[in-house]
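Hello,

Here is the structure I promised to hand over. My notes follow below it.

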Amino acid sequence: MTTAPTTTSPTTATVAHWVDGRPYPGTSTRSGEVFDPATGEVARRVAHASADDVEAAVASARAAFPAWRAASLARRTQVLFAFRELLAARREELAAILTAEHGKVLSDALGEVARGLEVVEFACGIAHLLKGSTSENVSTGVDVSSVRQPLGPVAIISPFNFPAMVPMWFFPIAIAAGNTVVLKPSEKDPSASLWMAERLAEAGLPAGVFNVVQGEKTAVDALLTHPDIKAVSFVGSTPVARYVYETATSHGKRVQALGGAKNHMVVLPDADLDLAADAAVNAGYGSAGERCMAISALVVVEPVADELVAKIAERTGSLRVGDGRRGCDMGPLITRAHRDRVAGYIDAGREAGAEVVVDGRGVEPDGAAEGFWLGPTLLDRVTPGMSVYTDEIFGPVLSVVRVGSYEEALEIINANPYGNGTAIFTNDGGAARRFGSEVEVGMVGINVPIPVPVGYHSFGGWKNSLFGDTHAYGPDGVHFFTRTKAITTRWLDPSHGGINLGFPQHS
Ligand code: NAD
C-alpha cells in the first residue's frame, strides 16, 4: 500500500500514526481496511505499524518525558482544561467519526463522548489526588513525606467498541500525572484517535507527550516488550487481555488488562416488569450489544418469565434498525464476519434446545443492503450449558435463563468465569442489598442495567474480566499512573553528631 497517509478527513486514503505532534506515515507497507458498517463499503485504509514505527513513537514519548514531568501541575492541568473545552464544543464532530467507523447511532456516539469527557474533567482536578502525605516528627526532628511521581512512557491498547471513550479512560489521567503516552487503538475504527491527538495538540500539549501507533498484533507486541514502556493499560477480549497481562508483566511492566464479559440481569418476581423490560431492551440491544457492559443473560425468577419475555418481544418490534446517521435506535455490527458469527448463535441456540422468540436475521434495516445488519434477537429457555450462554456473543442477542429462586440466580452468576457487570431488578431492598454483597462481579446495578461508574469512581470487573488488581480511571487510575516515593528528612543540628552503626531507631 503506497497511498500517502494523512489524518482524519473523510476522503483520506490511509489513516496514519501520530508521532512527535504530527501525522506520521510510518515505514511499514502493511495496511488494513476500515469499513463503514452501515454501507458495507471500505471507507479508508489504516496503516499497520512495524516494530520500527513503534520504536519511533516510543522514542518520541521517551524524549518528551523529562520536560513534561517537570512541567508544573498547573500547566499540565491547563492543557487538559483546554482539551476539555475543545472536546465539549466539537463533540458532534467526534461522534460523527464514531458512527461512520463503528456504526453506533449518533445519539449513542454522543453518549460515548460524554462518558469520556467525564474522565477528562476528573483529570482536570487531579491536583487534589496527587497530594502526598506528611508525618511530622516521626522521630525527634525527623519528618516523612510520601509523594506520587509519574512512571514514564506508558502504553494504552484499546478495543473497537469504544474508540474514543476507552482511550479517554486512561490518557487524561496518565498525562495529568506527568507521564507520556503511546496509544494503539483498534484497527477497525482508528480515526477517532487521530482526532483526539489533533485536539490535544491544539490544546497546547507538547509534541511527544501523546503518540498514536495504528495497527494490530505486531504493534501490540512491540509495545508489550519495549524496555522504555513502563506500564500497559489494555481493554479488549479475555484471551488477548490474558496474553497482554502475562507478556507485559514478564517484561517488568505494571499492567491493567480489562477483558471480556457475560453480564447477567436478574429479575425477581416483585420487580416492575415494564421497567425491567425497558431496561433489558436498552442494555441488551443498545450499540447492537457491542458493549462490555451489555446485558447478555436475563436470569428471570419464576413465575414472571412468560410475562417478561412477552413484554421484551413486543418492544423489539418498535426498534428501528438502520444507519446511525438516520435517527435509528440500533446500528449495524462492526464487520461482516462478526455479524455472521453473531447470527450463527441463533441456530446454535435453537439446536441446543433454546426457543427463538425473536429472530434478528429477518430485520428490514433503514440503510444500505450491504450493511452489517442483525436485528434484536431474543432466545428463551437458555440453560448454562449452551454456547449462547457460555460464550461472549457481543451482539444484539438476549438469552433468557429461567430459574426458581434468587439463590439459583446467584449461583449461576457466581459460577460464570466472567465478572464485569451485573444488575438486579427488584423492589425488595433486602434482596438487593444481599445481591450487592454476595455477587462476585466488579460492578453491580440495583435497578440500573448498565452500572458504569462515574469518572470519579473506578471501572473494572472481577475474574476473567480483569487481569491485574487496578481498575480504570477514578482513584485507581491515579494509583496506576503514579508510583509512590517516601522521603525521610532530618535537618542536622549539632546534637545529632557522633558515630552509631546500629539500625536507625526512633527516639
Ligand atoms: P480484541 O481483544 O480483539 O482487541 C483489543 C485490542 O487488542 C485491539 O487494539 C487489537 O488490535 C489488539 N489485538 C487483537 N488481537 C491481538 C493479539 N492476538 N495480540 C495482540 N493484540 C491483539 O477486542 P475487540 O474485538 O476490539 O473488542 C471487543 C472485546 O473487548 C470484547 O470482548 C469486550 O467485552 C471487550 N471490552 C471490555 C471492556 C472492559 O472494560 N472490560 C470494555 C470494552 C470492551
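Ser-135 has Val-144, in β7, as its bridge partner. Strands here are DSSP runs of type E with at least two residues, helices are H or I runs of at least four, and both are numbered from the N terminus. This is a predicted model: local features need pLDDT of at least 70, side-chain atom pairs count only at pLDDT 80 or more, and totals for chains, interfaces and linings use all residues. Residues are numbered from 1 along each chain as its sequence is written.

β6 and strand β7 (residues 142-150) pair in the antiparallel sense over four bridges. Two strands count as paired if DSSP finds at least two bridges between them. The open sheet has three strands, in the order β6-β7-β23, with antiparallel pairing. Why is one side of β6 and of β23 left without a neighbour in the sheet? β6 (133-139) and β23 (482-490) stand at the edges, each with a single partner strand, so one side of each has no neighbour there.

**Nonpolar cores**

The largest nonpolar core has 91 residues. A core is a set of buried Ala, Val, Leu, Ile, Met, Phe, Trp, Tyr and Cys residues joined through C-beta atoms within 7 Å. Buried means that 20 or more other C-beta atoms lie within 10 Å of the residue's own; 12 or fewer means exposed, and in between is partly exposed, with C-beta atoms placed from the backbone. Those with the most contacts inside this core are Ile-173, Val-181, Leu-223, Val-232 and Val-244. Helix α6 (residues 165-176) gives the most to this core, with 10 residues. Apart from it lies another core, of 67 residues, among them Val-266, Ala-294, Ile-334 and Leu-378.

**Thr-377**

Thr-377 is found in strand β16 (residues 377-380). Is Thr-377 buried or exposed? Thr-377 counts as buried, because 29 C-beta neighbours lie inside 10 Å. Thr-377 touches Ile-346, Val-358, Asp-359, Gly-360, Pro-396 and Val-397, not counting residues up to four places away in sequence. Touching means that C-beta atoms, placed from the backbone, lie within 7 Å. The C-alpha atoms of Thr-377 and Gly-362 are separated by 9.8 Å, and the two are 15 residues apart along the chain.

Best wishes

Conventions:
Contact = placed C-beta atoms within 7 Å.
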